[in-house]
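Let's take a friendly walk through this model, from its sheet to its helices. Keep the 3D view open as you read.

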Amino acid sequence: MVYMLLGTGFEETEAIAPLDIMRRAGISVLTVGVNGKIVYGGHGIGIVSDIQLGEIDLTKLEMIVLPGGLGGVASVRASNEAMEALRFAWENHKFVAAICAGPTVLADLGITDGKNATCYPGCEEDMGHANMVENAPCVRDDKLITGTSAGCAVAFGLALVEAMKGKDAAADIAKQIVIR
């Protein structure tokens, strides 16, 4: 099971594009409302989350995904339960993925230390001891997947599919959505 954390103020494109891409690939993904069942993104778009934070079943967790958006990132940082879910995933060798400002939350937990990563331009100083990869839409370093921005949300989504189902599955989805 993939859990996508949605905190109030999340970046809508960074959530919806990867969510759609993973579901097209047949991956079981649940959106998780950090601040309640209905979560509003940074541009006022409300999403009815599939479950709320207390309903995550950590025994089924295969991947956890954190979209960016400064409000969403702040919401996750303010939630001990959300931070513990991220920590649990990493410590139990599950995939941990974040895009835009989201990787800075992973840096807070030490997850990016010594790992290749990317983030939103200007957030690099908040990336701890990560090995920053410039000009990359998405970077995968073993179980860590990071993306740069909303403009890279499709590439990020395809990287999540590749991690869960392999290169062929990601290529099939890229072809289906007509990546040029």
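Gly33 stands opposite Gln52 in E5. This is a predicted model, where local features need pLDDT of at least 70 and side-chain atom pairs count only at 80 or more, while totals for chains, interfaces and linings use all residues. Residues are numbered from 1 along each chain as its sequence is written, and side-chain values use heavy atoms, leaving out hydrogens and water.

Strand E2 (residues 29-33) runs parallel to E5, with two bridges between them; strands are DSSP runs of at least two residues (E), helices of at least four (H or I), numbered from the N terminus. Two strands pair if DSSP finds at least two bridges between them. Seven strands make up an open, mixed sheet, ordered E5-E2-E1-E6-E7-E11-E10. Its edges are E5 (51-52) and E10 (138-141), each pairing on one side only.

Helix H3 (residues 80-91) packs on this sheet, touching E1 (2-6), E6 (63-66), E7 (95-99) and E11 (144-147); contact means heavy atoms within 4.5 Å. The direction of H3 makes about 135 degrees with that of E6. Such angles run from 0 to 180 degrees between N-to-C directions, and axes are lines fitted to C-alpha atoms, for helices over the stretch in contact.

Now look at another pair of helices. H5 (residues 153-165) and H6 (residues 167-176) pack at about 145 degrees, their axes 7 Å apart. Residues in this contact include Leu158 and Val161 of H5, and Ala170 and Ile173 of H6.
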